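Q: Please show me the model, and we can go through its features one at a time.

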Amino acid sequence: MVLRYGIILNMAMEPYKDKQWLYDMYVKRRMNLTDICKKLKDSYNIEVTPQAVYNWIAKYDLLKYRGKGRSLGKTSMRRPKSPMQEQVERKRREMRKMNQIKKKGMGR
């Protein structure tokens, strides 16, 4: 609870105004603004625009975690590759090997 102008405000009613909640959603979970808005709608029945969430993120200086700063380095956060992606990468590796073998054979 926060006291402003003699009025007690309950931040649980508006979690997007809470710095720790925004940090958890935007930085730790790496959610974008529209996903945060959807979570607010689904979990708290609060309709808010991405611009409003952005304003609070900017106010708390959480934008510095955008891009490189938001890369937490955990492999568990990465999306798993589809079987098709793995197949394509395997085929590319095989092609590279074949090309290297051909180049070595021509250089002799």
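A: Start with one side chain: Y60 has a relative accessible area of 18% and is buried. Buried stands for under 20% relative accessible area, exposed for over 50%, and partly exposed for the range in between, with a 1.4 Å probe and protein chains only. The areas come from the Shrake-Rupley method, and for residues only the protein chains shown count as cover. The model is predicted, so local features need pLDDT of at least 70 and side-chain atom pairs pLDDT 80 or more, while totals for chains, interfaces and linings use all residues. Residues are numbered from 1 along each chain as its sequence is written, and side-chain values use heavy atoms, without hydrogens or water.

Q: What share of the protein chain's residues counts as buried?
A: The figure is 21% of the 108 residues of the protein chain.

Q: In what order do the elements of the protein chain run from the N terminus?
A: Elements are DSSP runs numbered from the N terminus: helices are H or I with at least four residues, strands E with at least two. Here the order is β-β-α-α-α-α, which amounts to 4 helices and 2 strands.

Q: How many aromatic pairs does a search of the whole structure find?
A: Rings of Phe, Tyr and Trp (its six-membered ring) pair if their centres lie within 6.5 Å; planes under 30 degrees apart are stacked, over 60 edge-to-face, and the rest tilted. The search of the whole structure gives 2 aromatic pairs. In one of them, W21 and Y44, the ring centres are 6.1 Å apart and the planes stand at 80°, so this pair is edge-to-face. The pair joins distant parts of the chain, with W21 in helix α1 (residues 19–28) and Y44 in helix α2 (residues 33–44), 23 residues apart. W21 is buried at 11% relative accessibility, whereas Y44 is partly exposed at 37%. For W56 and Y60 the ring centres are 5.8 Å apart and the planes are at 35°, so that pair is tilted. W56 is buried at 15% relative accessibility.

Q: How many salt bridges does the structure hold?
A: Side chains of opposite charge can pair when their charged atoms come close. The criterion for a salt bridge is a side-chain nitrogen of Lys or Arg within 4 Å of a carboxyl oxygen of Asp or Glu. The structure holds 5 of them. Among them is E14 with K17, where the closest N and O atoms are 3.0 Å apart; E14 is partly exposed at 31% relative accessibility. Another joins D24 and R29 at 3.6 Å, N to O. D24 is partly exposed at 22%, and R29 is partly exposed at 44%. A further one is between E47 and K41, with the closest N and O atoms 3.1 Å apart. E47 is exposed at 67%, whereas K41 is partly exposed at 35%.

Q: Which residues gather in a patch of positive charge on the surface?
A: A patch takes residues with over 30% relative accessible area and no salt bridge, joining like charges within 9 Å and nonpolar side chains (Val, Leu, Ile, Met, Phe, Trp, Tyr) within 5 Å. A charge is placed at NZ of Lys, CZ of Arg, CG of Asp or CD of Glu. The patch of positive charge is made of R90, R92, R93, R96 and K97. R92 belongs to helix α4 (residues 83–107) and is exposed, with a relative accessible area of 53%.

Q: Is I36 buried or exposed?
A: I36 is buried, at 0% relative accessible area. This residue sits in helix α2. Its C-alpha atom is 7.9 Å from that of P50, which is 14 residues away along the chain.

Q: Where does N45, with its positive phi, lie?
A: N45 is in the loop between α2 and α3 (50–59). Its phi is about 55°, although N45 is not a glycine, and N45 is exposed at 61%. D61, also not a glycine, has a positive phi of about 60°. D61 is placed in the loop between α3 and α4 and is partly exposed at 46%.

Technical notes: Areas by Shrake-Rupley, 256 points an atom, 1.4 Å probe, with all protein chains shown as cover. Lys, Arg positive; Asp, Glu negative; His and termini not counted.
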